[in-house]
Amino acid sequence: MQGPLIESLARQGVSRRTFLKYCATLASMMALPPAAGLAMAEAMAAARRPSVIWLPFQECTGCTESITRSHSPTLEGMIFDMISLDYQETLMAAAGHQAEEALHAAMKANHGKYLLIVDGSIPLGQDGAYSCIGGRSNLEILKEAAQGAAAIIAVGTCAAYGGIPKARPNPTGAVSVSDIVKDKPIVNIPGCPPVPVVMTGVLAHYLTFGSLPDLDDKGRPRAFFGETIHDRCYRRPFYDQGKFAKTFDDKGARRGWCLFELGCKGPVTHNACATAKWNGGTSWPVESGHGCLGCSEPDFWDAGDFYKALSVPAHPPTSVVAASVVGATAGAAAGFANRAKKNAARKARQPITVADLEK
Amino acid sequence: MNELQFLTWVRGPGLDIAVGIFLLGTVWRLFEIYTLGRRKDLAAPRRAAGASGLHTVFRRSLPPHGMLKRAPVSYIGGYIFHIGLAVIVFLGAPHIMLIANLTGLSWPGLPAQFIGLATVMTMAAMLAMLVDRINKPAKRFLSTFEDWFVWAVTFLPVLTGWLAVQHLLLPYTTMLALHILSVEILLIALPFTKLFHVFTLFGSRWHNGSANARKGVPV
Amino acid sequence: MTLDVIPIHVVPRHTGAALPGEPGLSGNAPPLLRELAEQVRHLLETGEPSAIDLSALPLTPADLDWLREKLGSGEIAVTLQAGGESTLDETACAGVWWVTHRNEQGAVASQFIEVAFVPELVKAHPADVAIGRERLEFMVSDL
Amino acid sequence: MSASLEKVTQTLKEVIDAPIASYFESCVHCGLCAEACLFYTETGDPKYTPIHKLEPLRRVYEQEFTLLGRLKKLVGLSRPISDDELDQWQELVYDSCTLCGRCSLVCPVGNDIVYMVRKFREGMAVSGHVPEGIRSAAKRTVETGGPMGLKWPAVANVLRKAGEATGVTIPVDQEGADYLVLLSSMEIVNYPEYIEALAKIFNKAKISFTVASDAFEATNAGIQIGSSDLAKVIVSRIVDAAERLKVKYVLSPECGHAYMAIRWEGPNLIGRPFTFEVVHVLELLDELRQKGVLKMKGKLKDPLILHDPCQIVRRGGVLQAPDALIRQVAENYIPIADQQKWNWCCGGGGGASAIHTEEAEALRARVFQIKKRQIEEAGVGTMVTFCANCRITMEEGLDHYEMNTKLLGLTELLAEHLED
């Protein structure tokens, strides 16, 4: 499957116009100027496929599912044709020693040029024994693979920020890719799972412009993570009007009012769900009536109850009774001491006479 | 610590600490103040004090005779910022949620735009009060570090809340966390600064009102 | 089991009355007409096409309806079947095209106003034309 | 700590109570009390802000009764009070505070500031941080019976003359009389007309009254100086006389602080309720007016305004009587804007008029401007009042500004127009 992308797409029955249209939409989603769609299409159509190595660590394969197994064949899946996916455990036919050989061959052949995609966190506990492939720890594999990579794409919240494995009490000592690799450009595409179009957007950008897209302070492409779910939410007008669903089956819920009070984490979650949507544009969590869980943010699992509004305490204040009792006791003690002091002053006092008026 | 962890901390342990200190301090100080007691007035009253203490509690909320003209900034600014704070705290949807969560009591709120307007007016009034404190000789003369500190501690929750909602200066998550943190600082400072007048003003007005009512003077 | 078995009651979004509180005009649409006028002038002077990405702008559905109505409809309406339906409609202002891309599920994927003599997507690419020629020559040689 | 400071702290510890604690905790430093104080409004000097006059008291409260204050004192954030400081505060607590109580009326958090000044003076008095003028007045009152050193033979002489002038004999030490009449030295010396007026009115109303030879003096310099112990000595004379003579009422003269001392402080000073009632002369007159006993003839034509003495009206609660009475005898009575409980002090109350230092007198003249403005704004040539101390202070003020405004006492004015 060598040769320009457009040819392989054509073989699969994808016309040039379909591709152009897709690129226009992709450019729009990445907040690139409309003309970039055409440029992107031309660049990608003619691009040579870069070698890509995909390493799965402590993960659930949900990210792979999200990106490769949409319910009907889509361009997200097909775009993988523009890369040479040399190692992907879930997808590759090879197994065992064969697979390991393929990995090493690809790393050697494309040293310094391949893209490394990682999903899953890396456990550090017990010398990394919690997750090993072919007898080698994830940490060891990552370090080796990272050395020859041109850039690393951390797909999913686990790879980007540690994700669910890192949730308290973090039994495996899970960390993110960026906790380990410090000397390579890393793009984080968080989400549990991440929005597929973000992945293709980043690849398209890399192929078109030869560089990684603009990233925010958490290593996420600004084009997709620049705004919060709340900012782009179609239910936002209800928030502004103060109309909230109070339960999942009340009048407000049926009318599609804001889910803030039901614990929606949209206001603090940066992701593209509200615009890119899921399942080929069918819907997304808030549209289907459930608040955002905030899955694309670091440590979202430990950020308080999923069903508690952001403005309420993460848990009921535990100090109320104790503080009141201690306060009352301390206050009463101070009160007694003060009364005693006043009484002592009264007893000790000598009535004053005119003579006392002199200094 | 990233901003979501920061937010989680201020919503959890931070709030616990602040509410704890606030309650402890408030209960303790109320005891400390009101257990000092007072001597019974033995003079025959002109008329029974009755509910005069309560009358004074309400009457003192209005500018006394001729005073509005003498200190317009203090009164108008004071009204706007006290009422503004009450509107924001008790009628802003996220705040009602908080109260409902803590007490189980809930009521309808006002639209976000209205709360936004109230916030801007409150901040303007507070700035005017600050300028007045700097300009007016008596006020400036009385001012100590505590006065400037308390002004800032009161202003910051309003400012950070507004910045968070308007998405200004810092990302929403950070601003929201700062907003909650600033409220926690306010809670901690309240029992130990002049902010404690939110409680003692009732006692003070009551004492003044009932003592003078015995003489027959409505104050 | 097919989807029909599941008792889902689908309420089309735009047939009923507008949802209470649905945002009306935001005031962001009128400036776009000015921008379009500038782009059309540029097209006439240099021949370079340009476009406005409607999904990237803070426009409410009411804004889009207003724009659409203002621009009116022209003589050409192109329908493209490529990975879902796309429509490229000329507006009453020649050279201004209203372009809507839908995906396979029929949802709007992106929406543009293009300023061009002919939208890029409508033109056949030389490489595709070359393939067409090959096919034709093959047909001719077969005659 | 010096012995005198020890005494100050001791005394203040005793007087600080829950209201004072609540007041200090409530203060938000808004400065509005300054706007109600004539010493601030007329001088613009912020040191005269009422709450500032209590700063040493506040620190004693904070350092003695709050945990935080004790901590602050320990680490040096809150200075202990010093003799120098009290010296400095003497001017603020005596010269520039007349205990008029206007500040207590405007404080938005409801602080009764004048209540605190009165308590603070207790501490100032025990350590001798008091102005010479008030000190000697207090001494004379305790030692000789009155602030001016007046003795009974002289008083008896004045009473006899008044009796001759009116044809009404003034009973002395008569047991079983309804009213025990108190006088102030100032009235005896400067305004004997008051005594004549009173005799005429009692006679007309057919009310029995008496004067006590050992308790004729109503004024109480112990209250002004701020010493409850001395004030108790002085007030006890009246209580003893009233109980010995078995009177139903004790009649306080016009004098403001005398009324305050006997009516409101008296029972608290001796530690038990009185067995008699204390009545201010205007209350009695208004009651007689309402009963129809007090009939007037002819009215004064001159346009005039009323000066409401602080201790009788705002601090004493005699709110309605003065207005009703003045309307009986004045045709052109002009109510002023700041009247009744909102009146402005003459500038000499609370003992201030007894301080005769150059600075104190200059200050009194300065703050008299507020009365001057009131007179000028009303455009009148006559002002009526019902407190001998206000009258003397204002006469000094009028002299200072060379105004020819006439000052009249309300009771005398009424007596002049009494129907025979």
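**Legends to close-up views of the predicted model**

The centres of domain 1 and domain 2 of chain D, taken over C-alpha atoms, are separated by 32 Å. This is a predicted model in which local features need pLDDT of at least 70 and side-chain atom pairs count only at pLDDT 80 or more, while totals for chains, interfaces and linings use all residues. Residues are numbered from 1 along each chain as its sequence is written, and chains are lettered from A and ligands numbered from 1 in the order in which they are written.

**View 1. Domain 1 and domain 2 of chain D.** Chain D is divided into domain 1 (3–129), domain 2 (133–289) and domain 3 (294–416), with bounds from an automatic or database domain assignment. The contact (C-beta atoms, placed from the backbone, within 7 Å) takes 6 residues from domain 1 of chain D and 5 residues from domain 2 of chain D. Helix 9 (residues 113–126) of chain D provides the largest share of the domain 1 side, 5 residues. Helices here are DSSP runs of H or I with at least four residues, and strands are runs of E with at least two, numbered from the N terminus.

**View 2. Chain D against chain B.** This contact draws 48 residues from chain D and 45 residues from chain B. On the chain D side, helix 2 (18–26), helix 3 (32–36), helix 8 (103–106) and helix 16 (256–270) each give two or more residues. Helix 2 of chain D gives the most, with 7 residues.

**View 3. Chain A.** The secondary structure of chain A comprises 17 helices and 9 strands. Along its principal axes, the C-alpha trace of chain A spans about 115 × 50 × 45 Å.

Notes
Contact = placed C-beta atoms within 7 Å.
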